[in-house]
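The following exercises concern a single protein chain. Please work through each task before reading its solution.

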Amino acid sequence: MKALVTGPDGLLGSNLVRVLLEKGYETRALVQNGRNSDTLDGLGLEIVRGDIRDRDSLFSAVKGCSVVIHAAANTSTSPARSPSVREINIEGTRNIVAAVKKNDVERFIHVGTTNSFGFGSKENPGNETRPYTAGKYNLDYFNAKYEAQKIVLREVEKNGLPAIIVNPTFLVGPYDSKPGFGTVIIALYHGKLKAIPIGGRNYIHVRDVAAGIVNAFTMGRIGECYILGNRNLSYEEIFTMITRVLNVPPPKRVVSPNIVKLYGICCQAAGYITRKSPAINLAIARIACDEHYYSAQKAIDELALPQTPIEHAIEEAFHWFRENGYLEKETLNTHR
């Protein structure tokens, strides 16, 4: 069986292609023209060049594949409104769906985001039945991913698209070459983060998400969404966990929502003046003040989703950063 992966050189894609190869799948990776993808070097993948905005290249890439995993996305949250984010995440999804339909693929795995469902508290976490609420942040990334998910679900209902949607929470692990959450790990290692917002997230080892996706080739139900997550942790809990694993002092000060939001406004204003992407903006500040907690029980039951301790994910991420020289890059932006 041959599988195509879009977005193969991101944090998820780099782990996913490794899991696919370990399980014996022929693996084809769609890589953008001119893109240098160091995390794919030496893996024995079939590399094809193309772009999810170009239907012709997608039709060629999908041909001969039994499974397609659409992991490519523009995850930028700064600036909050971005035509590129919408084009890649919405039009790119339409294009890959068209290619899948033309080539009679057996199963299509669309990688969404958990934010397409309403979040909850630790006592009553969000799940796949909760309606979308992240529109309040006015982020094109959240809105575009939600729209892309609706596109896939409509195709399932109207045209029988053999699709399953997976909705990962916050990924932690190795091969984070353009660090997302890795920027937080690196900043805590260097003592650069002095304050803690009051909100929280759900975290999962990126390799567990890759395993859940591969399980979805033969498990799960067509037309269903599955939250792929593990532990709900406040920022104070995850920062303490990271610093304990790294054996460095944790930040001490928990700051109020008003201070966090004011900081986001100031950073956003500075970005307008300097024309440089700020570390955070108001939307990200507002997100940091909320509890984005979810349950992954459906995926545990139906996709046999693994639940590796988050401490292990932190250790593996830190080891990869150290081995690849990222710990010397203290000036990395701390947003994704």
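How many helices and strands are there in the chain? The chain has eleven helices and 13 strands, where helices (H or I, at least four residues) and strands (E, at least two) are DSSP runs numbered from the N terminus. The model is predicted, so that local features need pLDDT of at least 70 and side-chain atom pairs count only at pLDDT 80 or more, while totals for chains, interfaces and linings use all residues. Residues are numbered from 1 along each chain as its sequence is written, and side-chain values use heavy atoms, with hydrogens and water left out.

**Exercise 1.** Describe the surroundings of threonine 27.

*Solution.* 
- Step 1: Threonine 27 is placed in strand β2 (residues 26–31).
- Step 2: Its relative accessible area is 6%, and therefore threonine 27 is buried (under 20% relative accessible area, 1.4 Å probe, protein chains only).
- Step 3: Beyond neighbours within four places in sequence, threonine 27 is in contact (heavy atoms within 4.5 Å) with Ala3, Val5, Val17, Leu20, Leu21, Leu45 and Glu46.
- Step 4: At 3.1 Å, the side chain of threonine 27 reaches the backbone oxygen of tyrosine 25.

Conventions: Buried means under 20% relative accessible area, exposed over 50%, partly exposed in between (1.4 Å probe, protein chains only). A polar contact is a pair of N or O atoms within 3.5 Å; within protein, one must be able to donate a hydrogen and the other to accept it, and residues adjacent in sequence count only if both atoms are side-chain atoms.
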